[in-house]
Structure formats: structure tokens, C-alpha cells
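Dear colleague,

I am passing on the structure we spoke about, and below it you will find my notes on what turned up. Please read them with the model open beside you.

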Amino acid sequence: MANTPSYDSVPPSQDSTLSVPVSPTQQHPRSRKSRRSSLSEVPDERTSLLRSSRSRARIQSPIDTPRAYLSRNQSFAGTATPHGARYHSHHESWGQRLIQALSDRPDPMSESKHSILTDDRIWYDQFTSTDWVHDSIADAYRVKQLRSRKGFWGRLIVLFDSAQGWILSAVVGVLVALLAYCVDVAETTIFDYKDGYCARAWFLREKRCCPHGPCTDWRSWSEVLGGHPFGDMWTEFGVYIIAVLILSVLACLLTLTTKTVVPSAYRMSTLDENLAADYSQPADDNDSDSDEAVSPRQVRREFIDPNPPMVYYSAAGSGVAEVRVILSGFVLHGFLGVKTLIIKSVGLILSVASGLSLGKEGPYVHIATCIGNICCRLFSKYDRNDGKRREVLSAAAAAGVVVAFGAPLGGVLFGLEEVAYYFPAKTLFRTFFCCIVAALSLKFLNPYGTDKIVMFEVRYKIDWEWFELVGFILVGVLGGAFGALFIKASRRWALSFRKIPAIKKYPLLEVVLVALVTGLTGYWNTLTKLPVAKLLLNLAAPCEDDNRDDELGLCPSNIDEIPGIIRMLFAAFIIKGFLTTITFGIKVPAGIYVPSMVVGGLMGRIVGHVVQWIVMRFPHWGIWGTCPLLQESTCVQPGVYGLIAAGSTMCGVTRLSVTLAVILFELTGSLDYVLPFSLAILVAKWTADALEPLSIYDLLTNMNAYPYLDNKHKPIFTSELTDIVSRVRRERVIDISKSPLVPATKLRSQLELLHRAGELDGGLPILRDGILVGLIPAPDLEYALDNLEDEDNSLCLMSDIPNIDDEESQETDPTDFRPYIDPAPVALDIKSPMDLAYECFAKLGLRYICVLKDGRYAGMTHKKRFVKYMRELEEKQHKH
């Protein structure tokens, strides 16, 4: 997304063009209609606010639905507005949609929420929640409208509409594999540049330049410089340090260009755990009795100046936590745009090539989701409906795991277990199709030059013995413990070192320091100098594997060599664990999957060699059976322990379980070791949950104050809905007891109060004599008010007035707000258990719930307020 200027550079009340998200609608006539009301029928609380009447403002539905208010869509664009069909009001060619898909959309935080164009309707702002119910209903009416077409062309259109999801899945799978191929090839080539270059072809990496081992075509920098000025060893070391610094700095500078500044009026004011910016917690709007009116076009700068903005970098980190938040139904603009995709891809190449203790597997999930989001723009069915868009994003995220590990089944399970919030059978099958397409494309591209889709492949030819189960369980416990300790260490590091003013103000300084420490400590250890994927291969490979590096000396020929190997592994374990802890969270594209696996693999390899030494030291113990006689180094394979510990540590960090077991199975292709893998991962998850309840992504979500409602871990509720419902304030409701006509200036002031409280996706309940008769969402109200010509003198119709006119009119009245009103908002009694509220928010995807007491309106609770309550409850339960 585009860079965001200062949050007060563009007054929110000025008109400017917005394109994220864009919702084409028909332009509304500006003519004012007279209201000759006939009040022969007095409306009461049972009167539908949108019933079919004979007024001039009758809702025209393209399919003549009895409840036409449901045809409006609150997503990026809708199916049909009450004032006419919206989906087919603007016919764009496929070429135009392709150009729009590839063009990055401006950052909405840098501009006003108003628009020069009257047909640009902005439904979802930053940190607002999507309305799953309305998106689903809107799509249902869109489908019904399509199916109402008869004849051959009508059936063909319906067939094409149903095939769009499969087309998108295939396109996403191919593009994700293609981009992963480019990243893999570029990263491995640039990584080798730190040591030298290929004389016959500068663009070749060392393995391609010398496929059969060391050769004269590959020239080290000490040869190029003739050993000057410090001798061969120190010259190579100096070039290595400089290369690490340059690549790291370039990756950081690219990442910093994706800085996004969210004004305090836009951010979610109900959570204050964010570490990205120092800002004071705003006063709770519910505790103030002020009902001051704000003029319709008054600049709201006095509301946002006291609180510094929230800052984040969309290309930094892995992005998996943000993808989870987006798929759960919250809007994070800038995370899935074209600019983020390009910068994160290039930055990832540089950051991984620098040799920092990070991986590219996590960012692949984010990059793949960006591709899925951009491809959705090709079809209006997905571009204009946020609920449908999530189906494609879930499949794309799974494809990211496929190209990262070469595990199509693991990718499907990753989407189900980790990122997807709503995963019906249709989405599951489509995700599976996308993963298979990505895997086939990757095999065709062959990025590793091995004709394999996995980043490394190991084959264990010797089956495990029953006494090794003790060792497998031990590495499972240690892996889960180290994963939990890594999360605690990351939290402590973020709250201590990154709170230093200089580090917080200048993220580049931290990257330089981490790169310097990485180069100084990692260069001298043979293992830590290797790329993380190559190191993991050598840790997991059996000694008879031809792909491992013999010069690393990880395979002992006799018992006397084992202690030396253990000391080398332990030194690498300490260095890699420390570097991974301080690297996680710096402002470069970085993943945690493989680095955590490497740390676990080092630990597991140590345990494996210890077991191997015990068996070789006491070969006559009956517990071993024939194991000591199987071969020179016994039947114990330290590589098995390394791979099992790698999966266990990753489980402790991410809390993935079934997904990891399947990924490990796909990496080895051995059914014999499915049981050890599964057993160790089970033990690791139990251990990690006991030591640290949060996964690394839960930690990131909490620390960045993302509004994520976890649907997998429900707290123990013993309270009622009344605990989170504030008292009713008159400026928070629209009272139509005396008249259904409400001044537009009053509605504007009430809307400003919602924005002041950070509830851009909130709503105003409509009451008649204390009875809830409807609700108008804040985005709809703002859109309706912006369409008024003379807002200061306008009266807005908020309820039906029967028999206004016996004649029907196709013209619309901009002061008629009834089409924007939801006549049946979800409402619960104030004595309802909190579990019921949780189910409504988590399962239905509601934005807010109205609360009733004895049938009368008693308040409203927003999803964000419920998220805050859940987090406070969880923290309280964890303390006890």
C-alpha cells in the first residue's frame, strides 16, 4: 500500500478520492421530494421499517424480494442497492479489471473517508469488522438474480459464475508457485555472494557453478582481492560481515517503506497493548455525559491530535498473525496490496540471503495471501464481497505452506488448523485443489534442481526400536519447553530492549545491531554459517544420505568422536537460539518456522548422539536387543531425533499439531515414523501449553492490539451480558417516538461521537417509546448523509409513513434513510449468559449485539468491546 503521510495532513472532512475498498453504486438524484404524509395508520414497534408501501421511496429490488433491504451489501461493493441493481450497474471489461487488479490501491488512512465520486461507497475502514451475515445475504440475492435469467446465455452465465472460484484457485496456485520459485532461486544465489562468485557465469550459485564439488570456476573473495588487506581468512570474514550488513540494511529500508500510520480516530480504541507507538489511552466515551454536537463538515482534529497515531509496517515479520486477523473478519488495510507483495518478496530475498536467523516459510503464507487478494479483483463476485473473498484467501494461505515445505496435505491442514476462521466443506475442497495446483506447478519449475517439491527430503531406511520411544518422548518434552521459553523470551525482549527510545524510534539501528551480532558470532561456527534450510537437512539426514555434507563431521565412525560432535552441536544450539530470539520481530520480512526447527534439530541431534553413545558404550545390555550389532554406529539414527525435535520445537512455538505431523511425514515419505512424529508432537503441545498458554501468533496479536476473537480457545464464562453493557445515552440512540423525521445535523453529530469512540463500524439503534425498532450502521449512515445536498436544513425519514402517495415512483429521495436501516438487528436479553454472546460473535460474525431488558432497549455491545473483555478475563484466569 502507499505510504501514509501524517495523520492530520488531510482533514477528514475534505473530499478526496478513495479506492480501497471501492463500491460502485448508482448515483442518487439530488431532487428533494415533498412529504404529504397520511397518518391514517399509526406505526408501532411491530411495524416493519422497510415493508413494501406505496410511497415514492419504495425499494426497487431486481428480483422483487419482500425484504429488499437485504439486497444491500456492506462489503467492498454490493449486489443491489435498494435504489437499483448495483452488481451490474457498471460493466467493466476483463482487461480493465486486470489493470485495476495489478494497480495498487491508495492507503485509505492517508485520505478522507468521503469521495469526489458519488458512487464510491466506503464500507470497511481500518480495524473495523466485516459483517458476515450481510455479506452472505447479499451474495444469496446476487445468485438468485443470476439464476432468474433464462435461456442458453443465462445458464452459461450461471455456469461461469460457479466456476470462478475454481479458476481463481488455479490461478492463485500457479502464481504462488511461480513467485516462490523466483524467491528461492534469487535467495540461494545472493546468499552465496557473501563467500564468492562464479567466474564463468556470475548469476549462478555455488552448487550450480560447481555441481560436482569444489572447482576453479568458483572464486572466493580472498582470491579476488589477493588476500589484501588482512590476509585470506580475515579478508573473507570482513567481506562476509559487510555483505550481511548491506543485505540486512537493504531489506530493512525496503520494509520501512510500507510504514502505515493509523490515526487514533481510526484505530481500535478499546485495546491498548500495542507496542508500535507510544500513545495515551483515550477516555472511554461511555463514561462521558457530553452530548456536544459537531457540525456536519467540521474537521475532527481536536479528537485525534491528543493521541499519537498507531504505526505498523505491513512487510515486516512473517505476516501470519495478520492473515489470521484478516481471515477472522477484521480489516487491516495495506497488508494484502500490490506494494506489500512486491516489497515483501524482494525484502525476503535480501533478508534470507543475509544469513540472519530467519526463514522464508512464514512470509510465504503472507505473500500467497497477497496474491489471492489481488487475484480476487479480477472477478466482481469476490472483489465486492468480503465474505466470499475470505474463501480465496484461505486457499491462498494454504498454498503458501505448500510452496514452503512441499507439503500439499500439510498446507490444507494448516489452513484448517491455523489461519482459517470459517472453513466449510466447499472451502476445504477448493483449498485442496489450490494446494495441488501449487505443488504441481512447483514440481514443474523445479527450484531446488532435484526434481522434488520439498525443500529437503530425507529417507530413513532403518526402522526405530521400541526402547527409542523414551528418547522420542524426551525430545518432545524438550521441544515443547524450548518453544514455550522462546515465546517468553520474545515477549521479554520486546518489552525491554525494543522499548529503548533509540531502538523504537530508529528500527534500522536494531537491524544493524542484530546483523552485526549475527555475522560476528555465526561466522566462526561451521553449522551456524549454513543457510537454515541446508542446516536442517544436515541435522535430519541419516549418515548414509548422499545429500548431506560430509565435511560437517556429524556422523561418528566410533564412540570417541561422539563427545566432540556433541560439543559442536551444543555451541551451535546456544548461538542459534540466541540469534533467533533477538532476530524475531526486527523490521525485515522474517519467518519463524524453520529457525525454530533448526534450534530444535540441534537439540534433538544432541539427544540422538547421547542415546547413540549409551548404546555403543553398553552394547551388552539386553534392552537394546540386536541394535548394537546392526551396523558400526548402531541402529540409532541421530537424524531421526533431530527431525522429531525440530517438529516438536516448532509445535511449541506455533502450537500446530496435526499439520506438523503431516508435514514431517511428507518430508520423509516414511510411514514407519508417523507414530514417533505424532507422539512427540502431542507431548510437545501438552508441555508448551502447560508452560505458556499463548502461541507466538497469539503473542503478536496481543502485543499489536489486533482485534482478534479466538474461536478455538473459549474462556470459562460465569458472567452475564450485563457485565459489558454500558448505560444508554441519548446521543447514542435515534428516538423517533415523536416524529419519524430526524434532522441531518443531529445524525451527523451522533455519527461523530461514534467515530470519536473508535466505532467506525458501530451503529445507532432506533427507538420508539423505548422499544428497539431498527438500527442503522455507521457506514450506511455516513454514506446517506454524504449524499445530502443541504445537510444543515434536511430532515431524514427514519421510519415508514404509510400512504404517502398512491402512485409509485422510480425516483429516489436522498433524505429517505429507510433503505439503510436494519429492521431486525440481533438482540439478546440483558440476563443472557456470556457464552451465548460469544457464540453469536464467533459463529455468526456479528459486529454488535443489541441488549434488551424486559423487552425494552437497554444498550449495545460491540465485538471489539467483547474482545477486550475476553482478553481481560483470560489474563485474570492465567494469574490464578
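Are D383 and R389 buried or exposed? Both D383 and R389 are buried, where buried stands for under 20% relative accessible area, exposed for over 50% and partly exposed for what lies in between, with a 1.4 Å probe and protein chains only.

Before the rest, please note that this is a predicted model, in which local features need pLDDT of at least 70 and side-chain atom pairs count only at pLDDT 80 or more, while totals for chains, interfaces and linings use all residues. Residues are numbered from 1 along each chain as its sequence is written, and side-chain values use heavy atoms, with hydrogens and water left out.

Salt bridges

The side chains of D383 and R389 meet in a salt bridge, at 2.9 Å from N to O; the term covers a side-chain nitrogen of Lys or Arg within 4 Å of a carboxyl oxygen of Asp or Glu. Side chains of opposite charge can pair when their charged atoms come close. Over the whole structure, the search finds 26 salt bridges. Another of them is formed by E418 and R324, whose closest N and O atoms are 3.5 Å apart. This pair links distant parts of the chain, since E418 sits in helix α13 and R324 in helix α8 (residues 320-327), 94 residues apart; helices (H or I, at least four residues) and strands (E, at least two) are DSSP runs, numbered from the N terminus. E418 counts as buried because its relative accessibility is 6%, and R324 counts as buried at 5%. R818 and D816 also join through their side chains, at 2.8 Å from N to O, and R818 and D816 are both buried.

Disulfides

With a disulfide taken as a pair of cysteine sulfur atoms within 2.5 Å, the count comes to three. In one of them C198 is joined to C209, with 2.1 Å from S to S. It links distant parts of the chain, C198 being in strand β3 (residues 196-198) and C209 in helix α4 (residues 206-209), 11 residues apart. The torsion about the S-S bond of C198 and C209 is about 75°, so this disulfide is right-handed, and both cysteines are buried. C210 and C215 form a disulfide with their sulfur atoms 1.7 Å apart, and the link of C210 and C215 is left-handed, with -60° about the S-S bond. Here C210 counts as buried because its relative accessibility is 8%, whereas C215 is partly exposed, with a relative accessible area of 30%. C543 and C555 are joined at 2.2 Å from S to S, and their link is left-handed, with -105° about the S-S bond.

Nonpolar surface patch

W166, L409, F429, F432, F433, I436 and L440 form a nonpolar patch on the surface, with about 620 Å² of accessible area together. Patches are made of residues with over 30% relative accessible area and no salt bridge, like charges being joined within 9 Å and nonpolar side chains (Val, Leu, Ile, Met, Phe, Trp, Tyr) within 5 Å; accessible areas come from the Shrake-Rupley method with a 1.4 Å probe, and for residues only the protein chains shown count as cover. Helix α14 (residues 425-445) gives the most to this patch, with five residues. L409 lies in helix α13 (residues 408-419) and is partly exposed, with a relative accessible area of 42%.

With best wishes
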